[in-house]
Amino acid sequence: MNKKILFLVNPKAGKTVIKGNLLEIIRIFSDDGYLVDVYPTKNSEDTTRMVVERGAHYTMIVCAGGDGTLDSTVAGVVALERQLKKRVPLGYIPCGSTNDYGRSLRISRNPLAAAKAIVKGKPCCVDVGQLEKKHFIYVAAFGVLTEVSYSTSQNLKNTLGYGAYVLEAAKNLANTKTYRMNLTLDRDTITGEFIYGQITNSRSVGGIRNIAPNTKKMQFSDGKFEVALIRRPENPQRLTQIISSILTGNMDDPYVVYRMASRVTVRSDSPVAWTTDGEYGGTYKNCRILNLHKALPIMLDVKHI
């Protein structure tokens, strides 16, 4: 039986990066014995729909784009398995502006190198997150840093690291919304007022190193999220101290909460807007986040998980 790839390409991602290498990528797949069907995606819904409707007919699904394209493709792959009980491995060619998950898995940003790694690799099963009915691959977050993360330039992040977050967050602290919450992380309950929270399965969030401790030791398939919460500080100076604690890995700062959990239940006094993989993930007063253990087979040439 012929090997077949459904190749989903976001034509807007990475400007002309993918366009200039498209034929060579197809040749790499073809040389390895694959028949390749290329589909330029229109939007996130279109990407997920294409995977669900056609993915079962292919040996592998490959997507080329940024974190949003990956997120939409993953949603389709997970839905495909649930509906048809068929698990199709995923290959990923990162060519967006941030590429958090690709960076975390050390997938090359050179599209040709990434394509070669896909055909040389093997499927490694990684965890997938689920916020209510929406799936995510590396982060669900709420609060002030979700806005700062994706509005701050990458150059400033590269230069200042979390200092870039401090500058923007401290500037807006007076107008920062506080969320009074009760969170259950597996069997652990945490209450308080928070300005930020993130539930992750990644070494990178928003283009820089994840704020969770022991990032280098985190595993992509252990069935656990890394959870970080920041309590509301009294003033911008205290926020600076909090960020300093995060940068130095100080686990004793009372304003920063770190946990690992496979299930997170959130109850809030007011509606909370969430982002999932950098996109709008819905607004909820009460929600549940689940870790779907080893739900996604992704092609990797080196075992990082």
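The model is predicted: local features require pLDDT of at least 70, and side-chain atom pairs count only at pLDDT 80 or more, while totals for chains, interfaces and linings use all residues. Residues are numbered from 1 along each chain as its sequence is written, and side-chain values use heavy atoms, with hydrogens and water left out.

## Overall composition

The protein has 9 helices and 15 strands. Of the 305 residues, 54% count as buried. Here buried means under 20% relative accessible area, exposed means over 50%, and partly exposed lies in between, with a 1.4 Å probe and protein chains only. Among contacts between residues at least 6 apart in sequence, 74% join residues at least 24 apart. A contact means heavy atoms within 4.5 Å.

## The pair α2 and α3

Helix α2 (residues 44-54) and helix α3 (residues 67-84) have axes that come within 8 Å and cross at roughly 30 degrees. The two helices are therefore roughly parallel to each other. The axes are lines fitted to C-alpha atoms, for helices over the stretch in contact, and angles run from 0 to 180 degrees between N-to-C directions. Angles under 35 degrees count as roughly parallel, over 145 as roughly antiparallel, 65 to 115 as roughly perpendicular, and the rest as oblique.

The crossing of α2 past α3 is right-handed. A crossing is right-handed if the near helix is turned clockwise from the far one by less than a right angle, and left-handed if anticlockwise. On the α2 side, the contact is made by S44, T47, T48, V51 and V52. The α3 side contributes T69, S72, T73, A75, G76, V77, A79, L80 and Q83. By class, this contact of α2 with α3 has 6 nonpolar, 8 polar and no charged residues. In this classification Ala, Val, Leu, Ile, Met, Phe, Trp, Tyr, Cys and Pro are nonpolar, Asp, Glu, Lys and Arg are charged, and the others, Gly among them, are polar.

In helix α5 (residues 111-120), the buried residues are P111, A114, A115, A117, I118 and V119. An α-helix has 3.6 residues a turn, so residues three or four places apart point the same way. At the start of α5, a side-chain oxygen of N110 reaches to within 2.9 Å of the backbone nitrogen of L112.

The loop between α4 and α5 contains R106, whose phi is near 60 degrees, a positive value in a residue other than glycine. R106 is exposed, with a relative accessible area of 53%. Another such residue is E132, in the loop between β5 (122-131) and β6 (134-136). E132 is not a glycine, yet its phi is positive at about 55 degrees; E132 is partly exposed, at 32% relative accessible area. Most residues other than glycine have a negative phi.

## Residues in loops and strands

The loop between β9 (188-200) and β10 (204-205) holds S202, which counts as buried at 1% relative accessibility. A polar contact of 2.6 Å joins the side chains of S202 and S104. A polar contact is a pair of N or O atoms within 3.5 Å; within protein, one must be able to donate a hydrogen and the other to accept it, and residues adjacent in sequence count only if both atoms are side-chain atoms.

T265 lies in strand β14 (residues 263-276) and counts as buried at 19% relative accessibility. Apart from neighbours within four places in sequence, T265 is in contact with N182, L183, T184, C287 and R288.

P11 belongs to the loop between β1 (3-9) and α1 (17-31) and is partly exposed, with a relative accessible area of 28%. Not counting residues up to four places away in sequence, P11 touches K19, P40 and T41.

T98 sits in the loop between β4 (90-94) and α4 (100-104) and is buried, with a relative accessible area of 13%. I230, in strand β12 (residues 225-231), is buried at 2% relative accessibility.

| Pair | Separation in sequence | C-alpha distance |
|---|---|---|
| P11 and T41 | 30 residues | 7.1 Å |
| T98 and G68 | 30 residues | 9.9 Å |
| I230 and Y196 | 34 residues | 5.2 Å |

How values were computed:
Helix = DSSP H or I, 4+ residues; strand = E, 2+ residues; numbered from the N terminus.
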